[in-house]
Amino acid sequence: MANENFLDARTQCCIAGGGPAGLMLGYLLARAGVDVVVLEKHADFLRDFRGDTIHPSTLTVLDDLGLLEAFLELPHQEVRELTGDVFGERVTLADFRHLPAPRPFLVLVPQWDFLDFIANEAKRLPRFSLRMSTRAIGVIEDDGVVTGIEAQSGDHRYRIAADLVVGADGRHTTIRESAGLASDDLGAPIDVLWFSLPRDVKNDPDITGGTIRAGAMLVTLNRGTYWQCAFVIPKGSLETLKQDSIESFRKKVADIAPFLDDSVPALASWDDVKLLSVQIAMMPRWWRDGLLCIGDAAHAMSPVGGVGINLAIQDAVAASNLLAQPLREGRLAASDLEAVQRRRQWPARVTQRAQVAVQNVVLSPVLARTAQPDRVPLPVTLLQRLPLLRRLPARMVGIGVRPERVRTKPFA
Ligand SMILES: Cc1cc2nc3c(=O)[nH]c(=O)nc-3n(C[C@H](O)[C@H](O)[C@H](O)COP(=O)(O)OP(=O)(O)OC[C@H]3O[C@@H](n4cnc5c(N)ncnc54)[C@H](O)[C@@H]3O)c2cc1C
């Protein structure tokens, strides 16, 4: 049982969660002259299999902040097109080269490197404070207004009073729950199994994309010395799959993508395979007086398109554009919080609808198939024949709808 050892503090904005949304918002607000405390429950940013794709929308934000060149010095891979092998037909699914962005490609970088990078930049700012190993337990309320966060670090309990509390604590959010705000589950018919396999740098193909066969889909991200793999399964079917041996799973993977034949033995047991239980959810209302939720806490995304980090960053940029000045001047109003939801809910909804469409129209029918189709589906043929068409998925994945630019200036 923890000591009730309160080390109370006061700040202008207290953010629960040091993921992409929370750290970026903390950085942007502190840069714009707002006192910020970010609480992160883990001691570091190391996590297995988190989203590792930084899209042109986020690269544009980093460029706005003058951080792009330094960011690109981190070890990374660059993806200019997504390719697919659809029932044996090789096709370019998305071509990013034409996007209107300073760097028209996806960057693959471990999420912890990205978070370390943002955290290190933020720590240079006098108004920024990051408390690692500190868990937000819930919001503090006074007369219906959220006035702070109760947090715990080791045996110590803190109360941090704040003009604004931000729930950026991901899809299993404590802040949203403790504030009594609802979230609607939109359902998802798939789960994803994540694992990595060694990559033969000399002989393996240099591709990032997906392979579709009757009853199966595998995404392989080229990470230089390894493949990051996502194996799509019908929702809730992992336990059934696990009734077979890991050997039979290895064989399934190698049958879909024969270039992995030599590397599948690296899957020693089912412990090497991690389940992502896919969820798509949306809060009908993202805010209360004194509280705002952003990122996965407000709208959990499907991994389709790998857009989760990037939408979380877009939320952070919009929130700082709209809130930095009222927060700095101590005149934050409910209408400012409502404005953030108005600005960001629509792009999140449009993206989720596109993800639901891909899940229902492409993924579920593929997983239900028992035999290869007689011919390649028409949309695939069209993508193959009409290069202009490939710009559409590239735009949706790489930039999305209603892209945000940083409007705040560094505070002198
Ligand atoms: C397996 C997997 C693969 C994915 N692949 C991709 C991909 O390729 N590309 C992509 O763009 N997106 C991907 N995503 C989604 C992406 O990771 C999320 O959409 C994105 O990280 C959301 O950012 P966020 O900051 O809102 O939340 P999160 O990244 O979930 O961050 C929340 C943070 O809050 C902390 N936290 C939670 N509770 C508390 C608490 N009570 N107190 C203090 N801290 C707390 C957590 O430790 C975490 O650091 C993937 C997700 C998963 C799980």
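## Two domains

Domain bounds here come from an automatic or database domain assignment. In this predicted model, that assignment gives domain 1 as 5-186 + 279-398 and domain 2 as 190-234 + 237-276. Their C-alpha centres lie 26 Å apart.

Let's look at where the two meet. On the domain 1 side, 29 residues are in contact with 26 residues of domain 2. About 2,200 Å² is buried between the two domains, and carbon and sulfur atoms give 65% of that area. Two salt bridges are found across this interface.

Arginine 213 and aspartate 85 also deserve a look: their side chains meet in a salt bridge, at 2.9 Å from N to O.

In soluble globular proteins, nonpolar side chains tend to be buried together. The largest nonpolar core here has 77 residues, and Leu23, Met24, Leu62, Phe71, Phe114, Ile149 and Leu292 touch the most other members. Helix α8 (residues 308-328) gives the most to this core, with nine residues. Apart from this core lies another, of 23 residues, including Leu197, Cys229, Ile233 and Leu260.

Which residues surround isoleucine 149, leaving aside its neighbours within four places in sequence? Among its contacts are Cys14, Ala16, Leu39, Tyr158, Arg159, Val165 and Ile175.

Strand β8 (residues 106-108) runs antiparallel to β5, and three bridges join the two. Here glutamate 78 stands opposite valine 107 in β8.

Technical notes. Residues are numbered from 1 along each chain as its sequence is written. This is a predicted model: local features need pLDDT of at least 70, side-chain atom pairs count only at pLDDT 80 or more; totals for chains, interfaces and linings use all residues. Side-chain values use heavy atoms; hydrogens and water are left out. Two strands pair if DSSP finds at least two bridges between them. Helices (H or I, at least four residues) and strands (E, at least two) are DSSP runs, numbered from the N terminus. A nonpolar core is a set of buried Ala, Val, Leu, Ile, Met, Phe, Trp, Tyr and Cys residues joined through side-chain atoms within 4.5 Å. Buried means under 20% relative accessible area, exposed over 50%, partly exposed in between (1.4 Å probe, protein chains only). Contact means heavy atoms within 4.5 Å. Buried area is the accessible area (1.4 Å probe) that two parts lose on being put together, summed over both. A salt bridge is a side-chain nitrogen of Lys or Arg within 4 Å of a carboxyl oxygen of Asp or Glu.
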